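Here is a friendly briefing to read alongside the model. Please have the structure open as you go.

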Amino acid sequence: MSTNLPFLKMHGLGNDFVVVDGRKADAALSEAQYRAVGDRRRGVGYDQFLTILPPKNGGLAYMAIHNPDGSQAQACGNGTRCVASLLMDEAGAEEIVLETVVGGLVCKRAADGRVTVDMGKANLGWTEIPIAVETDTREVTVPGAEAYGPATMVNMGNPHAVFFVEDAEALDLARIGPPIETNPIFPERANIEFVSVLAPDRLRMRVWERGAGITQACGSGACATVVAAARRGMIPGRSASVVLDGGVLDITWRADGHVEMTGPVATSFSGTLDLSALGS
Ligand SMILES: N[C@H](CCC[C@H](N)C(=O)O)C(=O)O
């Protein structure tokens, strides 16, 4: 493997990504190397590490997603929008299909420069989340987290548990997030969202991401939040703006079950990873 790997630092609402192009060079890192790059003091730091790979099934490219703890994720909404923006610029296209482990995601440039992604269907069955107990995922009491009320579970490719609380701002996420993420009710762990209703079409969300911790925004989490809010009757319709720490995403749960998300993307800087300095 080449030891020098060029990267771009991108973000969507401050949800930040190291993006590498593995279409020409070998860009496979070991779990320890993903962790080393993800260290914000010793490495570059990122919420997700995104690797662009050749397409497997007719799309323009395939995207692999890793968390800073080295684990793989099946979905990353903001990362999908960032990489799609890059690939649309490269191809001179306004619409592309970017493949992930869960399938091809249609991404489009909106008139105002923001990027929309169709994240695919929200999956709601208990085996699809997945959770360990057979139950209606609309309202699930999570052992140890009873204080936050029942959670609504949504799989957006990756598992989410959404808690509706009076004031999401007031919670100490760093303390309450980790034990819920790793609760045995989630065999694959879960991303944890705390949400307050600001208006019938506006929700405030804070997130504790699986494998990453507190982030400024989580696209798949914002999608899960709107689906959960509609299921619980917290909003009258199926569209809402979700206010994250880093900005606002516009989400629609379409009648066909797909969830669309629109928001900004940005590139911060480029650099080179010296993999030989990161251990093996
Ligand atoms: N930031 C991402 C989600 C990463 C999900 C990851 N933490 C996991 O499922 O393990 C997003 O915009 O959707």
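**Around the ligand**

Helix H2 contributes the most to the shell around the ligand, giving 3 residues. Helices (H or I, at least four residues) and strands (E, at least two) are DSSP runs numbered from the N terminus. This is a predicted model, in which local features need pLDDT of at least 70 and side-chain atom pairs count only at pLDDT 80 or more, while totals for chains, interfaces and linings use all residues. Residues are numbered from 1 along each chain as its sequence is written.

- The ligand is surrounded by 20 residues, and the closest are Ala73, Asn78, Asn158, Gly219 and Ser220; a residue counts as near if its C-beta atom, placed from the backbone, lies within 6 Å.
- Helix H2 (77–91) and helix H4 (219–231) are the elements that give two or more residues to this shell.
- Sorted by class, the shell has 12 polar, 5 nonpolar and 3 charged residues. Here Ala, Val, Leu, Ile, Met, Phe, Trp, Tyr, Cys and Pro count as nonpolar, Asp, Glu, Lys and Arg as charged, and the others, Gly among them, as polar.
- Domain 1 (4–118 + 265–275) and domain 2 (121–263) each supply at least three residues to the shell around the ligand; the domain bounds come from an automatic or database domain assignment.

**The annotated active site**

- An unreviewed UniProt entry carries the annotation "active site" for Cys76 and Cys218. UniProt positions are given in the numbering used here, feature names are shortened, and annotations may be inferred rather than shown by experiment.
- These residues span 143 residues in sequence, yet no two of their C-alpha atoms are more than 7.7 Å apart, so they gather at one spot.
- Cys76 sits in the loop between strand S5 (72–73) and H2. Cys76 is buried, with 31 other C-beta atoms within 10 Å (buried means 20 or more such atoms, exposed 12 or fewer, partly exposed in between, with C-beta atoms placed from the backbone).
- Not counting residues up to four places away in sequence, Cys76 touches Gln48, Ile65, Gly219 and Ser220; contact means C-beta atoms, placed from the backbone, within 7 Å.
- Cys218 lies in the loop between strand S13 (213–214) and H4, and Cys218 is buried too, with 38 other C-beta atoms within 10 Å.

**The largest nonpolar core**

- Val19, Ala222, Cys223 and Val242 touch the most other members among the 80 residues of this core, which is a set of buried Ala, Val, Leu, Ile, Met, Phe, Trp, Tyr and Cys residues joined through C-beta atoms within 7 Å.
- H4 gives the most to this core, with 7 residues.

Methods. Two residues are in contact if their C-beta atoms, placed from the backbone, lie within 7 Å.
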